[in-house]
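Here's a quick briefing to read alongside the model.

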Amino acid sequence: MPNVVVVGAQWGDEGKGKIVDLLTQYADVVVRFQGGNNAGHTLVVGGEKTVLHLIPAGILHAGKVCVIGNGVVIDPEVLILEIDRLKQKGFLSDDGQLVVSLDAHVIMPWHKAIDLARERAMGEGKIGTTGRGIGPTYEDKVARRGVRVRDLLDEERLRRKVKDRVALAREELARLGAAADLDEAALVHRAAEQGRRIGRYASDASLWLYRAVKAGRSLLFEGAQGTLLDVDHGTYPFVTSSNTVAGNAVVGSGLGPRVVDYVLGISKAYSTRVGSGPYPTELKDETGERLRKIGNEFGATTGRPRRTGWLDAVALRFAVRVNGLDGLALTKLDVLTGFETVKIAVAYRIDGKVHEEMPGDPELQERAQPIYEELPGWSGKMEGLRTWDDLPARARGYVRRVEELCGVKVIGLSVGADRGETILVENPFKR
């Protein structure tokens, strides 16, 4: 059975959850492989909205197993809250439907305190972090002093780890002028209790997935954030703290690279970005506000208004390259309905020179001026459309031009918020 990776091809918030939800019906297992609860997938099923931050979007399908891999950093409080809410809605049972890697690192209270204190101290130079403690947790992971899920299940080991780490956290918070009220005993008690709640789902996820592949089960890997927020390949330093590109799907789940058969990138039909950092096609005018209003561009996790702009084909070509994309899915195509003309950035002009590929230097990215190609817009409601041929001719022309500019086929289109308002031109699980 084929295994498919779904990743964001822009700056995150592309609508990956909706596409994962659609494709889950063809997979047996859905795997989250990086990031933390700074990501949010908003799903609308039967008019009811569900927002997920850690558990894969596939959990809304009965009979599918969802796995949180070792590459994810987990806030136990958030995970437990999601588990309880999903149980209340009848989406989650305790019969093996959720697997949490024992090796996933845990966001502790000091991580969140440090994250917020650092951002405040940076003033105007702030990164735009969500303050959820994601970055400091990944730092501890790399520094080999992190707390993992398995540590929550061994109270004596947990006590030792907390004691060693809290002393350093107090020092840093004091330097930043922030409160350093970290009670070791209370921290251990709380984390151990959370471990008891999570423990029934904790397992060697790498081994579990390996056996699933050997048994012929099909995997759907669900990425968080987007390509241009990748810590190595994104608009550094205005990035997240993990590798968001497709190559991390196997690293963050404990499998080898040969298990991946298809990589699907998700992009809005326009573009958005949250937080600071270069964004060449950003619109700070009435058109940008119109996109924000029609597209309801506010963060699922933070509620922050997103920056909006036209589609950036330069950035998409970059995403095609670093992810090895086999196809694209365009979401929110319906948001562009009613515009007299629509634009696509086909190149950048930087200091008088034309660039058709994204420069690696962030200072050049900041100075990039988009070179636009203008296409005719279209009108009419799109929410009820279900096939490629149903789309307005000009909308089809827009999609074909995106394919030409990016070099990959658009295999999926979202024309509304609900689960059913998606056109699947080609199914990556049935190639």
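Ile 19, Leu 22, Leu 23, Leu 264, Ala 329, Ile 411, Gly 412 and Leu 424 form the lining of the second largest cavity. Keep in mind that this is a predicted model.

- The volume here comes out at about 40 Å³.
- Two elements, α1 (16–23) and β19 (409–414), each supply at least two residues of this lining.
- Of those, α1 has the largest share of the lining, at three residues.

**The largest cavity**

- In total, the structure holds two cavities of 30 Å³ or more.
- Which element gives the most to the lining of the largest cavity? That's α7, with four residues.
- Sorted by class, the lining of the largest cavity has six nonpolar residues, one polar and four charged.

**The second largest pocket**

- Now for an open space: the second largest pocket has a volume of about 180 Å³.
- Around the second largest pocket you'll find Lys 49, Thr 50, Val 51, Leu 52, His 53, Val 78, Leu 81, Glu 82, Arg 85, Leu 86 and Lys 89.
- Two elements give two or more residues to that lining, namely β4 (48–52) and α2 (76–88).
- By class, five of the residues lining the second largest pocket are nonpolar, two are polar and four are charged.

**The ten-strand sheet**

- Trace the open sheet of ten strands in the order β9-β7-β5-β2-β10-β1-β11-β15-β19-β20, and you'll see mixed pairing.
- β9 (202–203) and β20 (422–424) each have a single partner strand, so they stand at the edges with one side left without a neighbour in the sheet.
- Further in, β1 (residues 4–8) pairs with β10 in the parallel sense, over three bridges.
- For a spot to check in that pairing, look at Val 4, whose bridge partner in β10 is Leu 220.
- Strand β19 turns up in this sheet and also supplies at least two residues of the lining of the second largest cavity.

**Ser 242, a loop residue**

- Ser 242 sits in the loop between β10 (219–222) and α9 (248–251).
- Is Ser 242 buried or exposed? Its relative accessibility is 5%, so it counts as buried, the cut-off for that being under 20%.
- The side chain of Ser 242 makes a polar contact with the side chain of Gln 34, at 2.9 Å.
- Beyond its neighbours within four places in sequence, Ser 242 is in contact with Gln 34, Gly 35, Tyr 138, Gln 225, Leu 229, Asp 230 and Val 231.

Notes: Residues numbered from 1 in each chain as written. Predicted model: local features only at pLDDT ≥ 70, side-chain atom pairs only at ≥ 80, totals over all residues. Heavy atoms only, no water. 1 Å grid on protein atoms, 1.4 Å probe; cavity = no way out; pocket = protein on both sides within 12 Å on 5 of 7 lines; lining within 4 Å. Points joined across faces, edges and corners; volume = space filled by probe spheres on them. Nonpolar A, V, L, I, M, F, W, Y, C, P; charged D, E, K, R; others polar. Buried < 20%, exposed > 50% of the residue type's maximum accessible area, 1.4 Å probe, protein only. Polar contact = N/O pair within 3.5 Å; in protein donor to acceptor, adjacent residues only side chain to side chain. Contact = heavy atoms within 4.5 Å. Pairing = 2+ DSSP bridges.
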